[in-house]
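Thanks for coming, everyone. I have one structure to walk through today. Let me put it on the screen.

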Amino acid sequence: MSVVGAAAGVPFLDLAAVNRGFRREHERAWRALMDHGCFVGGPEVERFEEEFADYCGAARCVGVANGTDALELILRALGIGRGDEVIVQANTFVATVEAICAAGAVPVFVDVLPGTLQMDPSAVAAAVTPRTAGIIAVHLYGQMADVDALGRVARRHGLALVEDAAQAHGARLRGVRAGAAGAAAGFSFYPGKNLGAFGDAGAVVTSDAALADRVRRIADHGRDPDDRRRHDLRGRNSRLDSIQAAVLSAKLRRLDEDNAGRVRAMETYRRLLPPACRVLDEHPDSHPVHHLAVVRSADRDRLAAGLTAGGIGWSVHYPVPCHLQPAYAEFMRDRLPVAEEAADEIISLPMWPTISDEEIVAVCEAAAEALA
Ligand SMILES: *Cc1c(COP(=O)(O)O)cnc(C)c1O
């Protein structure tokens, strides 16, 4: 996992380092799987679902095929679809918007707060119409959205508050974990996420048992759990593989330690980055898990060129807000100045749990040199 041409550089993400130390457990899981032969929805899935619900402080978890499906299945299970509007921030990974459209609903884009780049609760309140059915709050970059303020808007208007927690496994706000703050949360376990599988995987987390049951039925071809040949719902196939669940169970035990490593790395960045390169604000009651180390610079392109020249990996999450993406142009209503301005200034620096101080120093020195 190294950046092309980076002799002594720092990669954007060292996935081999993230997965180091799990070999024995993963090999044991493979052997167990070949013995019992339940490759989809086996005992590993049931165990991980219990462990992850527990970890999030919620009652139920349903393993699904990926994070995009998790969000779509939540909306469908809530009965949100054709004719409904779902409010979402413009600066998210496009998957959040895909899920709304796949459920048949209409995305209504809103702007974000300038310091944290998280969903702006007053913008959400202003976007509510008689057709609004739900809000998807994205816990962007690993910091939770202001779910208290958003929850008040949701309750006032009778809307479902759904969390997109794909970047926020283990994040907390005022003691509440991502996954336990709304009607339901969608998680992704894509390999690069804070809790990553060995392929695609996802989960729905909720404390609403009826909602969890509906998600499970839809994700398993609309089957009646008491009569597998009866399909009383029009479903689809979005299930969690046993091998992914086994990998996730092993890695879940190290998630808090891994997240603490990310927090330490972010503190080091905050201390060593040049002033022309600002880290985002954190809500004082928030415990983010820094899925990404996103900083802002008025001269982002010069910074990026300097990092590349120094063999430092970087990325931009995301260079074009969703309301300006061609695929979603029909849903664009207003310009969203905060999200649009941020898109031109943000850059994601190398971040993984065991990134070393030396590596962070190298990134910060290259940044200082680029912006001097
Ligand atoms: C990764 C991600 C998703 C989608 O997850 P997949 O498992 O790749 O489908 C959704 N929303 C956000 C914010 C993400 O970062």
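Start with Thr206. This residue is buried, at a relative accessible area of 2%. Thr206 sits in strand β9, residues 202-206. One word of caution before I go on: this is a predicted model.

What does the side chain of Thr206 do? A polar atom of that side chain lies 3.0 Å from the backbone nitrogen of Asp208. Now the surroundings, leaving out residues up to four places away in sequence. Thr206 touches Ala58, Ala59, Arg60, Ala183, Ala184, Leu211 and Ala212.

Next, the ligand. How many residues surround the ligand? The number is 14, and the closest are Gly67, Thr68, Asp164, Ser188 and Lys193. For Ser188, an N or O atom of the side chain is 2.6 Å from a ligand oxygen. For Lys193, again through a side-chain N or O atom, the distance to a ligand oxygen is 2.7 Å. Gly67 uses its backbone: an N or O atom there lies 2.8 Å from an oxygen of the ligand.

How much of the ligand is covered? On its own the ligand has 380 Å² of accessible area, and the protein covers 93% of that. Two elements give two or more residues to the shell: α4, residues 67-77, and α5, residues 94-102. By class, the shell has five nonpolar, seven polar and two charged residues.

Stay with α5 for a moment. Its buried residues include Ala95, Thr96, Val97, Ala99 and Ile100. What covers them? The cover includes α4, β2, β3, β4 and β5. After α5 comes Gly104, with a positive phi near 95 degrees.

In soluble globular proteins, nonpolar side chains tend to be buried together. Here the largest nonpolar core has 46 residues, and Leu75, Phe109 and Tyr141 touch the most other members. Elements that supply at least two residues each include β1, α4, β2, α5 and β4. Also on that list are β5, α8 and α12. Which element gives the most? That is α4, with six residues. There is also a second, separate core of 29 residues, including Cys61, Ala165, Leu240 and Ala245.

Back to Tyr141. The loop between β4 and α7 holds this residue. Tyr141 counts as buried because its relative accessibility is 5%, and the cut-off for buried is under 20%. Its phi is positive, about 65 degrees, although Tyr141 is not a glycine. Again setting aside residues up to four places away in sequence, the contacts of Tyr141 include Leu117, Gln167, Leu280 and Ile346. His290, His317 and Tyr318 are also among them.

Two of those contacts deserve a look. His290 lies in the loop between β13 and β14. Its phi is positive too, near 45 degrees, in a residue other than glycine. At 8% relative accessibility, His290 counts as buried. Then Tyr318, in the loop between α11 and α12. The peptide bond from His317 to Tyr318 is cis, with omega near 10 degrees.

Last stop: Glu358, in helix α13, residues 357-371. Is Glu358 buried or exposed? Exposed, with a relative accessible area of 60%. Glu358 and Val10 are 348 residues apart in sequence. In space, their C-alpha atoms are 9.7 Å apart.

That is the tour. Questions, please.

Note on methods: Residues numbered from 1 in each chain as written. Predicted model: local features only at pLDDT ≥ 70, side-chain atom pairs only at ≥ 80, totals over all residues. Heavy atoms only, no water. Near = heavy atom within 4 Å. Polar contact = N/O pair within 3.5 Å; in protein donor to acceptor, adjacent residues only side chain to side chain. Areas by Shrake-Rupley, 256 points an atom, 1.4 Å probe, with all protein chains shown as cover. Helix = DSSP H or I, 4+ residues; strand = E, 2+ residues; numbered from the N terminus. Nonpolar A, V, L, I, M, F, W, Y, C, P; charged D, E, K, R; others polar. Core = buried A, V, L, I, M, F, W, Y, C linked by side-chain atoms within 4.5 Å. Buried < 20%, exposed > 50% of the residue type's maximum accessible area, 1.4 Å probe, protein only. Contact = heavy atoms within 4.5 Å.
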